[in-house]
Amino acid sequence: MSIFSAVLLFFGASQLYWAWRGYSLAAARIRSRARRWAVCGAVLAAYLMEYQYNLGAWREPGTPVRLTFRDALLAAPFLWWAASSFIACVVAILFAPLRGMVGGVRWLLARRRAAGTEIQSPARRQFLERTAAVATGAPFVAGAYGLLYGRLNLQVTAQAIRLPRLPRAFEGFRICQLSDIHIGPFMPADEIRKYAAIANAHKPDLVALTGDFVTFDPYTQHAVVDALRGLRAPFGVYGSLGNHDAWAGVEDSIAGLFRLAGVRILRAANVPIAANGESFNLIGVDFQSLRRFGPSPPVQRLLGNMEGIVDQDRVNILLSHNPETFDRAAELGIDLSLAGHTHGGQAALEFISPEIAPSRLVTPYVAGWFQKPGGQLYVNRGIGTIFIPIRIGAPPEITIYTLSRG
Ligand SMILES: [Fe+2]
């Protein structure tokens, strides 16, 4: 059974669990049987209508690139419910053994009471029940936070990068990175224009775009290129492509559209960035992975085709959508890698521990700055979302790097 099938099966089970919880609540609160069935029937009808709309919308061609009323009123609540009810069911399962143990203790106490012993613990029982209710309710609150605020709470990160070999002409050189745009109803074209304006307001010397401009729909490529064409930097706007650009089948066409918009996408290619007779080597690669990842076939060797374009005599800066290339990049002598792809976990529980992020299952490089002999890496959390328009503990990010000789 694939992971996707297992998740789908568990999702179905979680919906049955919530149906049972909902009916139990109605049974406890509504005495009249007719009224109870009427309320449950109305809730079920609304629930099924949500499914009908959302599953139907996914089959329709053409992803909207603006937030429509239908997306705000029907898709957003559905996605919030789907994610929150799934996680809340996991929490309820984790609490089940504890509740079972307490149920056993209650049974024993009841037996001792029946035998004349004066032992009662209603306070402890209430405490556990309230804790379980708060814990299973928390994913719904966190989901609403991530949908309404977390995914829009942009952070502009200032990151100093020290490069021992940096030419003097680039002391204080500033690069602005945007990543993982994922244009769609929850990252509309107008919103992307705002992010581009924020990037321009920081007056970077160069702009780096590290892929996943679209999600699955190739028809959205024109809109995302159009929204980013306003980016300005004296040394140019460069980019690399992500796995979603490959999955949507737009790698060649979006690179062409960007070229017409004055943005150069580097596809296993390099370009010298020169000032005052000195230069560094800017490199870009398409998404690549050693494992099969979605429709993308695996490569035999990461950065296997790069030896010829890494310049051992100059500083090399790599734009690579996914950070898995970092180990090999450091071996090749690439001084700095700029990546994205992970969305910082998108729903990382950073307020508990930065270690808790789903992306950590596939890469140790989830977000932020890393260093190893031979190179440095920064993983940008991106600005868009995939599948569920929710960000918790992983706010959207624009990174401004300032290079210095160190
Ligand atoms: Fe990606």
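Me: By class, how many nonpolar residues does the lining of the second largest pocket have?

Reply: This is a predicted model. The second largest pocket is lined by 17 residues. Of that lining, 3 are polar and 1 is charged. The nonpolar count is 13.

Me: Which element gives the most to the lining of the second largest pocket?

Reply: The pocket holds about 460 Å³ of space. Trp 18, Ala 19, Cys 40, Val 43 and Leu 44 lie nearest its centre. Two elements give two or more residues to the lining, α1 and α2 (33-59). With 9 residues, the top contributor is α2.

Me: Which residues form one aromatic cluster with Trp 18?

Reply: Trp 18 also lies among the residues nearest the centre of the second largest pocket. The cluster that holds Trp 18 includes Trp 81.

Me: How many residues apart are Trp 18 and Trp 81?

Reply: The structure holds 22 aromatic pairs. Trp 18 and Trp 81 form one of them, edge-to-face, at 6.3 Å centre to centre and 70 degrees between the planes. The pair links distant parts of the chain, with Trp 18 in helix α1 (residues 3-29) and Trp 81 in helix α3 (residues 69-114).

Me: Why does Trp 18 count as buried?

Reply: Buried means under 20% relative accessible area. Trp 81 has 24%, so Trp 81 is partly exposed. Trp 18 falls under the cut-off, because its relative accessible area is 14%.

Me: What is the angle between the planes of Tyr 365 and Phe 370?

Reply: Tyr 365 is buried, as is Phe 370. Their rings form an aromatic pair at 5.0 Å centre to centre. The pair is edge-to-face, with an angle between the planes of 75 degrees.

Me: Which residues are the protein donors of the iron ion?

Reply: The donors lie 2.2 to 2.3 Å from the ion. Along the chain they follow the spacing D-x30-N-x77-H-x19-H. In that order, the donors are Asp 212 (OD), Asn 243 (OD1), His 321 (NE2) and His 341 (ND1).

Me: What is the site of the iron ion, with angles of 83 to 172 degrees?

Reply: The site has 4 donor atoms. Four donors count as tetrahedral if all angles lie between 85 and 135 degrees. The angles here run from 83 to 172 degrees. The site is irregular.

Me: Which residues line the largest cavity?

Reply: The structure holds 1 cavity of 30 Å³ or more. The volume of the largest cavity is about 50 Å³. By class, its lining has 5 nonpolar, 2 polar and 1 charged residues. The lining residues are Arg 151, Leu 152, Phe 186, Met 187, Tyr 195, Ile 383, Gly 384 and Thr 385.

Me: Is Lys 203 buried or exposed?

Reply: Lys 203 has a positive phi of about 45 degrees, although it is not a glycine. Lys 203 lies in the loop between α5 (189-201) and β3 (206-210). With a relative accessible area of 65%, Lys 203 is exposed.

Me: What is the relative accessible area of Phe 387?

Reply: Phe 387 is not a glycine, yet it has a positive phi of about 65 degrees. Phe 387 is found in the loop between β11 (375-379) and β12 (397-404). Phe 387 is exposed, with a relative accessible area of 62%.

Me: How far apart in space are Ala 275 and Ala 169, C-alpha to C-alpha?

Reply: Ala 275 is found in strand β6 (residues 269-275). Ala 275 counts as buried, at 13% relative accessibility. Ala 275 and Ala 169 are 106 residues apart in sequence. In space, the C-alpha to C-alpha distance is 6.1 Å.

Technical notes
Residues numbered from 1 in each chain as written. Predicted model: local features only at pLDDT ≥ 70, side-chain atom pairs only at ≥ 80, totals over all residues. Heavy atoms only, no water. Donors = N, O, S within 2.8 Å, 3.2 Å for Na, K, Ca; no water. Tetrahedral: all angles 85-135°; square planar, octahedral: opposite > 155°, others 65-115°. 1 Å grid on protein atoms, 1.4 Å probe; cavity = no way out; pocket = protein on both sides within 12 Å on 5 of 7 lines; lining within 4 Å. Points joined across faces, edges and corners; volume = space filled by probe spheres on them. Nonpolar A, V, L, I, M, F, W, Y, C, P; charged D, E, K, R; others polar. Phe/Tyr/Trp six-rings, centres within 6.5 Å; stacked < 30°, edge-to-face > 60°. Helix = DSSP H or I, 4+ residues; strand = E, 2+ residues; numbered from the N terminus. Buried < 20%, exposed > 50% of the residue type's maximum accessible area, 1.4 Å probe, protein only.
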